[in-house]
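This report concerns the pairing of oppositely charged side chains in the structure shown below. It takes up selected pairs in turn and asks where each partner lies.

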Amino acid sequence: MVPLRILTLIVTEPRHPSVLVLEPVEDSPEGKSRILPIWIGTQEATQLGIALEHVRLPRPTTHDLFLDAVTNLDARVDHVLINDAKGPTFFAKLCLRQAGRLIELDARPTDALALAIRQEAPFYVDEDVLERASFPYLFRQRPDDEQVMREFRDFLENLAPEDFAGEGGQPNS
């Protein structure tokens, strides 16, 4: 399991996919990194944005309700594991800890991450998934943060869901 952090979340208009970009927390050679982009819907991006910005809404969201139920059952989010990718679709396990036991639930990565962020729980990716689904991100020199973001946005503008297709343009299965 490789620990992850969120590099950026790009929220677009409803007719276009948004993208969550994860980055492994690993020692990498100077000026070199990998990214794991996950194409998501606008609603999922909004929920992640609410979690990342620690926004408190007047009424509970579905994620808030779920966490309230989990907490009242004396459990908490232990971690999230992105454990598979098939084409542009990612799969995750939401791992809850209750009284010393670990409970694994099948979950969409966006839901699991939105919950983990709210409880400040770590999230990981299987090494195999990272190898298959990540893209290299190289720096010519140690750039400043603004330059990194400009180059990264240029990279993302040219990235499309079709880039995740297997041979013959068909999604990997």
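This is a predicted model: local features need pLDDT of at least 70, side-chain atom pairs count only at pLDDT 80 or more; totals for chains, interfaces and linings use all residues.

Asp-64 belongs to helix α2 (residues 62-72) and Arg-118 to helix α3 (residues 109-118), so the pair ties together parts that are 54 residues apart in sequence. Arg-118 has a relative accessible area of 22% and is therefore classed as partly exposed.

Side chains of opposite charge can pair when their charged atoms come close. Under the cut-off of 4 Å between a side-chain nitrogen of Lys or Arg and a carboxyl oxygen of Asp or Glu, the count for the model is 11 salt bridges.

## A pair between two strands

A salt bridge also joins Glu-23 to Arg-5, and the closest N and O atoms of this pair are 3.0 Å apart. Because Glu-23 is located in strand β2 (residues 18-24) and Arg-5 in strand β1 (residues 2-10), the pair ties together parts that are 18 residues apart in sequence.

Glu-23 counts as buried, because its relative accessibility is 12% and the class covers values under 20%. Arg-5, with a relative accessibility of 40%, counts as partly exposed.

## The surroundings of Arg-5

Which residues are in contact with Arg-5, leaving aside its neighbours within four places in sequence? They are Val-21, Leu-22, Glu-23, Pro-24, Val-25 and Phe-123. Among these contacts is Glu-23, the salt-bridge partner of Arg-5. Arg-5 itself lies in strand β1.

Asp-84 and Lys-86 form a salt bridge between their side chains, at 4.0 Å from N to O. Both residues are partly exposed: the relative accessible area is 22% for Asp-84 and 38% for Lys-86.

Note on methods. Residues are numbered from 1 along each chain as its sequence is written. Side-chain values use heavy atoms; hydrogens and water are left out. Helices (H or I, at least four residues) and strands (E, at least two) are DSSP runs, numbered from the N terminus. Buried means under 20% relative accessible area, exposed over 50%, partly exposed in between (1.4 Å probe, protein chains only). Contact means heavy atoms within 4.5 Å.
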